[in-house]
Amino acid sequence: MEELIRWLEGRGVLRSPRLKAALQAVDRADFIPPDLRAAAYLDEPLPIGQGQTISQPYTVVFMLEALGVAPGHRVLEIGYGSAWQTALLAYLVGDQGVFALEGILDPGPLIGVEGKRQAGTRVQAGRDRRLIERRGGVGKLVGGIQNAGA
């Protein structure tokens, strides 16, 4: 991940120290299928199932830099897909700050409900609800993630 972070900084797209910390804490490899982990740090979209992709890192970083969220902000994300960007947003805004909706009725394969853990971020699943929590020194996270079919 560090090489990708240096590449994004070199391209001038990654400027915020807080976003850099989020990228270091929320590893993209934990949000893609196991057979694609070798490609996790390439700057390209990758398939995550059901015809969906995880966005290329450049695009995600560009959008998050432009958005300029800060601790205490509240964010609604529609179409969370792999949940990588959702987890990055949650890292950036803090406790109870992110609400996300997904239109795919069973997004489980997209977000790796088998229990992705990385830097204290955990995706828990029920049939209709998805909840991302942060543990450790940062505190609890996220109001909730709900699929639109529920």
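Visitor: How large is the accessible surface of the protein chain, and what percentage of it belongs to carbon and sulfur atoms?
Guide: This is a predicted model, in which local features need pLDDT of at least 70 and side-chain atom pairs count only at pLDDT 80 or more, while totals for chains, interfaces and linings use all residues. Residues are numbered from 1 along each chain as its sequence is written, and side-chain values use heavy atoms, with hydrogens and water left out. Accessible areas come from the Shrake-Rupley method with a 1.4 Å probe, and for residues only the protein chains shown count as cover. The accessible surface of the protein chain comes to about 7,200 Å², and the part that belongs to carbon and sulfur atoms is 53%.

Visitor: What percentage of the residues of the protein chain count as buried?
Guide: A residue is buried under 20% relative accessible area, exposed over 50% and partly exposed in between, with a 1.4 Å probe and protein chains only. Of the 150 residues of the protein chain, the percentage that count as buried is 45%.

Visitor: Which element gives the most residues to the lining of the largest pocket?
Guide: On a 1 Å grid over the protein atoms alone, a pocket is an open set of points where a 1.4 Å probe fits, with protein on both sides within 12 Å along at least five of seven lines; lining residues have an atom within 4 Å of a point. The largest pocket is lined by 13 residues, of which Thr53, Ser55, Gly79, Tyr80 and Gln85 lie nearest its centre. Two or more residues come from each of strand 2 (52–54), helix 3 (57–67) and helix 4 (84–93). With three residues, the element that gives the most is strand 2.

Visitor: How much space lies in the largest pocket?
Guide: Grid points are joined across faces, edges and corners, and a volume is the space filled by probe spheres set on the points. For the largest pocket, this space is about 160 Å³.

Visitor: Is Gln85 buried or exposed?
Guide: Gln85 is found in helix 4. Beyond four places in sequence, Gln85 touches Val60, Met63, Leu64 and Glu77. Its relative accessible area is 18%, so Gln85 is buried.

Visitor: Why is helix 4 described as largely enclosed by the rest of the structure?
Guide: Among the buried residues of helix 4 are Trp84, Leu88, Leu89 and Val93. Helix 4 is largely enclosed because the number of its 10 residues that are buried is nine.

Visitor: Which residue has a positive phi although it is not a glycine?
Guide: Most residues other than glycine have a negative phi. The residue in question lies in the loop between strand 3 (75–78) and helix 4, and is buried with a relative accessible area of 1%. With a phi of about 80°, the residue is Ala83.

Visitor: How far apart are the C-alpha atoms of Ile54 and Trp84?
Guide: Ile54 has its place in strand 2 and is buried, with a relative accessible area of 2%. Its contacts beyond four places in sequence include Phe31, Leu46, Ser82 and Trp84. Ile54 and Trp84 are 30 residues apart along the chain, and their C-alpha atoms are separated by 7.7 Å.

Visitor: How far apart in space are Val75 and Phe99, C-alpha to C-alpha?
Guide: Val75 lies in strand 3 and is buried, at 13% relative accessible area. Among the residues in contact with Val75, leaving aside those within four places in sequence, are Leu89, Val93 and Phe99. Val75 and Phe99 are 24 residues apart in sequence, while their C-alpha distance is 6.1 Å.

Conventions:
Helix = DSSP H or I, 4+ residues; strand = E, 2+ residues; numbered from the N terminus. Contact = heavy atoms within 4.5 Å.
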